[in-house]
Amino acid sequence: METTVPGWETVARSCFFLGTSASLLLSVPGVTGLQGSTMLESLEDADFERGMANESDVHAFFSLDYQHVQVPFEITLWIMLASLAKIAFHLFERLPSVVPESCLLIFVGLIMGGIIYGLNDKSPPVMNSDIFFLYLLPPIVLDAGYFMPSRPFFENIGTILLYAVVGTIWNVFGIGFSLYGICQVDTFHLRDISLLHNLLFSSLIAAVDPVAVLSVFEEIHVNEKLHILVFGESLLNDAVSVVLYKLFRAFCEMPSIQTTDVFAGIGSFFVVGIGGVLVGLLFGLIASFTTRFTDNIRVIEPLFVFLYSYLSYLTAEMFHLSGIVAIIACAMGMKRYVEANISLKSHTTIKYFMKMWSSVSDTLIFIFLGVSTIGDNHEWSWPYIFFTIVFCLLWRALGVLVLTFIINRLHVNTVTSKDQFIIAYGGLRGAICFSLVFLLPDFQRKKLFIAATTVVILFTVFVQGTTIRPLVDLLDVTRKQESTPTVGEQIHIRFLDHLLAGIEDISGHWGQYYWKDKLEYLNSKYLQKFLLREYAQPKSSIVLLYEKLERKHAIELAETGQLMYGPSHHPLLHTDKPPTSVIESDSLSLDVVDDIQKILERNLYKTRRTVPAYNRHTLPPGESEPAEHAKQILILRHKNWQMQMNSSDSDHVIKEKGDSGSLDGGTQPGPRLCRSLTAKHPRETPNVKSNRSRSVGFIIPLRQGTPQWMNDQETSKSPISEEK
């Protein structure tokens, strides 16, 4: 017989009955009765909970735990809502040509913010600044820096830096001092806003936002120089704005400002910019060196591009440097070497994943910008807000005019007046200044700065972003050329680069072509040896393509049986003996020839498509497929070769028969060496035997009985003639 240990319920019940009986026997109805009743209630509650637990264990077929998946679920819903809004926006063909996509996303955000505010009767959640700067902004900047055309960027780097650095400082101090003058008017009741607070506000409101500029200027397709000037300025001026923002914020918290503090702020400006560039280049070189060893693990190649880029951004932010400058330098520094190391599939993966990632970030930024606009965190002072918009437009226009006047005096390729207007009018504000304004320290007029920033963003995105396309059409601004440059144009560009570099070297002027030539020398001599997997390649892609075409042409001649085997170079010293063609007696078997042909067709002519990236020693193939170019060139050369062979062989045989008598009686001239590129047409210069697999031909007198390339019977039996 088994014995069981009684549970705590049995023990409790036993104690309960023992206590009750003891209280009855001793007739003590006071405390013991209260304790017994309390214990009884607790036991009944325990029995009820145990019964419910058992019932839930038996009958729980469905349960809900929203708190467990709340954050990823809501993020997914926001992304889906924004994506569906973009799909609906592009269903209307005329709407995208009138209204920018950013305006639609902000409008959707305004609707959602109004719904949230109406249901909850409180302000919607504001986009956290850390989420924006650490998670949403890096993908957009990485996509812009990785696919930025390097040649126009570095050709206009002086103009971009002048607009970004000097122009931003001009706008900050101009707007700040002008708003401080408005605050001194007694009618507006704004005397409590100090000069430092106005400069702090102007440092964040003067920043041209790269997200807004990208979303608008990519839709209107302006010319490449105008786009790179506006976009390059918007990328680099963020470093200036963030440095000035932190500087004035620190000044506002100081009881007194010393001269050393001012010089320390100026020095920190250069440290932030140059330090960001160095951090980005360091991680770019590490990424290039890492992809050199991913030949056997192609699937993780795209991962290194994203990891090292994001690490450069985080490292720069960790040391209080410019993360935007760091990630741009990393992307532009590693692109050239990474694209040469990774496979074509990895390049496609990087391209589309980067575009998708930046598009999602851009969508979420504008959605939350609209959502955060609705709320009670605003203080409306219409004179201050109105003059903020006016001063933003005025000081930017004056800065562009003054700086462009200086640039045009120093450059040959000037900025036109139409481009100046678009640059001044295209200074859009966006999420960067919106995130910075919420980072302001708490003071009396913080809500006024939030309201002014919101109105400026909505004005620039909706008014300027919507009207910039009609203005571009009205002013007839030069648009971007969609067609890729031809090989001849690229050859002339490279030729002019070499020519101008030589002129600068001779004249002792250290211009951009001189430094470009020095950097290319450093790259070809040192960097490529350590960063490229396949370093032993022709320097020029034109030479590489030409060699491939020549090899394919030689294989075609060998397949048709029309290629003569002979020495590659005839001795030039012994000119008394005419060269004779040597025909090899040993021939390969048909199986071996078939295997060689299959190997060559499968491996020799797979031309890789690379991303267009200009440099003087590697000519880009362009956006079209190089294999298609090679195919078209080969088809044309094959047709011309067929026509020339048929006509030249027939004329050659006729003239040889007619001139055979005169050749027997005359003197025998020596052979002359000539190049196929300089040799005349076979019709004009008969008696030419050329080795078509090489670039060397010998003009020799033909004797009777000299073997010919092809007779009439062989011509009629050749597969080429059958194809015709």
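Arg469 lies in helix α19, which spans residues 446–475. In this predicted model, Arg469 counts as buried, because its relative accessibility is 18% and the cut-off for buried is under 20%.

**The largest nonpolar core**
- The largest nonpolar core comprises 126 residues.
- The residues with the most contacts inside this core are Phe132, Leu137, Leu204, Phe217 and Tyr384.
- Helix α11, formed by residues 224–253, gives the most to this core, contributing 15 residues.
- Apart from its neighbours within four places in sequence, Leu204 is in contact with Tyr245, Cys433, Leu436, Val437, Leu440 and Thr453.

**Cysteines and disulfides**
- A disulfide is a covalent bond that joins the sulfur atoms of two cysteines.
- A search of the whole structure finds zero disulfides.
- For Cys433, the closest cysteine sulfur belongs to Cys392 and is 8.9 Å away, so the two are too far apart for a bond.
- Cys433, one of the contacts of Leu204, is buried, with a relative accessible area of 1%.
- Cys183 is also buried, and its relative accessible area is 0%.

Note on methods. Residues are numbered from 1 along each chain as its sequence is written. This is a predicted model: local features need pLDDT of at least 70, side-chain atom pairs count only at pLDDT 80 or more; totals for chains, interfaces and linings use all residues. Side-chain values use heavy atoms; hydrogens and water are left out. A nonpolar core is a set of buried Ala, Val, Leu, Ile, Met, Phe, Trp, Tyr and Cys residues joined through side-chain atoms within 4.5 Å. Buried means under 20% relative accessible area, exposed over 50%, partly exposed in between (1.4 Å probe, protein chains only). Helices (H or I, at least four residues) and strands (E, at least two) are DSSP runs, numbered from the N terminus. Contact means heavy atoms within 4.5 Å. A disulfide is a pair of cysteine sulfur atoms within 2.5 Å.
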